[in-house]
Amino acid sequence: MSPKNVIFKKICKDKSVGVYMGKRDFVDRVDSVDPVDGVILVDPEALQGRKVFVTLSCTFRYGRDDMDVMGIAFRRELYLSTRQVYPPLQDREKGIHTKIQARLLRKLGHNAYPFFFEFPDNLPCSVALQPAPHDVGKQCAVEFEIKAFSAESQDAKVRKRSTVKLMLRKVQYAPEGEGTAPSVETTRDFVMSDKPLHVKASLDKEIYYHGETIKVHVNVTNNSSKNIKNIILSVDQVATVVLYSNDSYVKCVDIEDSGDSVSPGATLQKVYKLLPVLANNRERRGIALDGKLKHEDTNLASTSIIREGVLKEVMGIMVSYRVMVKLIVGGVVDWLFDMFSFDQTLIAGVTLMRKTLSKLHLFSKLTDTLSKSVFFAFRSNVCVAVVSCL
C-alpha cells in the first residue's frame, strides 16, 4: 500500500484536467472490495466550456493493441463505469466519502471535485503474464485504470491532450486464521516385488507468503525390492486463461534435485526447502505476476480466490500453485510392465492470498525487495509421483 501522506497525481498535457489519489492498491477481501476514491482538479479556462468525466475500467488484454484479426482487437473490456465530475451533478460536499478526499479538496481549492467508484463483486484481481525479454508491447494481463478527460459530451471524441490515465491494482490479502496443513500419501506396488513403496509428503501450514521458505516433509518407506535413484521436488505455478480459451500454463518456479537415494528395505525422513520467488524467474516467459505499476517491482501472482457464486469465466486469469514430489525408481522388468501407469499423483487442496493489513508489520522482514507492506500467501497443491525408469 502507499506510504502515509503520499499522494499520486497526474495532469494531462493541456493542463485542463488532473487526477489526485491517496492510493493505487485496492484490497479485495473476497466478500468486499475497497472503493476507489480521489479528486479531479480542473482548469475552467483551459476547458473552454467542455465537461469533465472520469471512468473506472477493467480490461483483459491478450495481445498487442496494434494486432487485430479481421477487425477484432485482442482486448476485452470487463467493466466500465463513467461519472461526470464537472460541471458537478450534485453538491460537492455530498460527493466526499473519505478523509483523504476532504483534505485534498481543502488543499486544491474550489476547482477540485471528488469522485467515487465501487467495484462490482465479479471482477478479477490484477494479474499479468511475464513477457520474454525480446517481446515488445503490452503483455497479456488484467488491468485496472482510472481515466479523466474533457469533452463536449460523454460520447464525443476525446483528445489525447485532454486525457489523463492512472493505473490501479486490485489485490488480495490472506484471510484470518490458519487452515489445515496439506498432507498426501501414496502406496505403489511393483510387479515381482512382494511389498510396496509408501511415500508421504506434507507441508507445515496451508498459507505461505512471498519470500517465505516452504518446508516439505517427505517420509519414504521402501519395503519393495526397487532402488529409489533420486527425489526431485518442485513448486509449479498453474495459470489458466479462463476468459476466452481456458488454456493452462504450468511453470516450475522452483526446483530441488536432491540426489537422495533409498535402497530396498530402507526408510528416509527428510525436510526439503523450496523458495519460489520472482528474482529467480525474471527471464521466463509466461510466469503469472501480480499487477505491476510503473516504477514499482512486483512478485509472483497470488492464488486466485473468488467469491461463491461468481463465474470463473469472467475472472480472466486464474492462478494456483502445487508442490510436486517425484521419486525416480529404477528397475528393468517392472518398468516394462508398469510403463502405462508409471505416474501416480495425489493432490491435496490448499489456499493462496495476502495477509490482512492489521498484521503486515509482523512480516516486514520477509520481502525487502517488494513494495512496502505488500504481502501475499499461496495455497498449494501437494503432489506425489512415483516414476519407474531404467
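The buried residues of helix α2, which spans residues 99–108, are Gln101, Ala102, Leu104 and Leu105. Because these residues cover an arc of only 165° around the axis, they sit on the same side of α2, the arc being that of the directions from the helix axis to the C-beta atoms. On the other side of α2, Lys99, Arg106 and Lys107 are exposed. Here buried means under 20% relative accessible area, exposed over 50% and partly exposed in between, with a 1.4 Å probe and protein chains only.

The buried residues of α2 pack against β2 (17–21), β4 and β9 (112–117), where contact means heavy atoms within 4.5 Å. Helices (H or I, at least four residues) and strands (E, at least two) are DSSP runs, numbered from the N terminus.

## About the model

This is a predicted model, in which local features need pLDDT of at least 70 and side-chain atom pairs count only at pLDDT 80 or more, while totals for chains, interfaces and linings use all residues. Residues are numbered from 1 along each chain as its sequence is written, and side-chain values use heavy atoms, leaving out hydrogens and water.

## Asp34, a buried loop residue

Asp34 lies in the loop between β3 (25–28) and β4 (36–42), and it counts as buried at 11% relative accessibility. Not counting residues up to four places away in sequence, Asp34 touches Lys23, Phe26, Val27, Arg29 and Phe119.

Ser224 lies in the loop between β16 (214–222) and β17 (228–241), and it is buried, with a relative accessible area of 4%.
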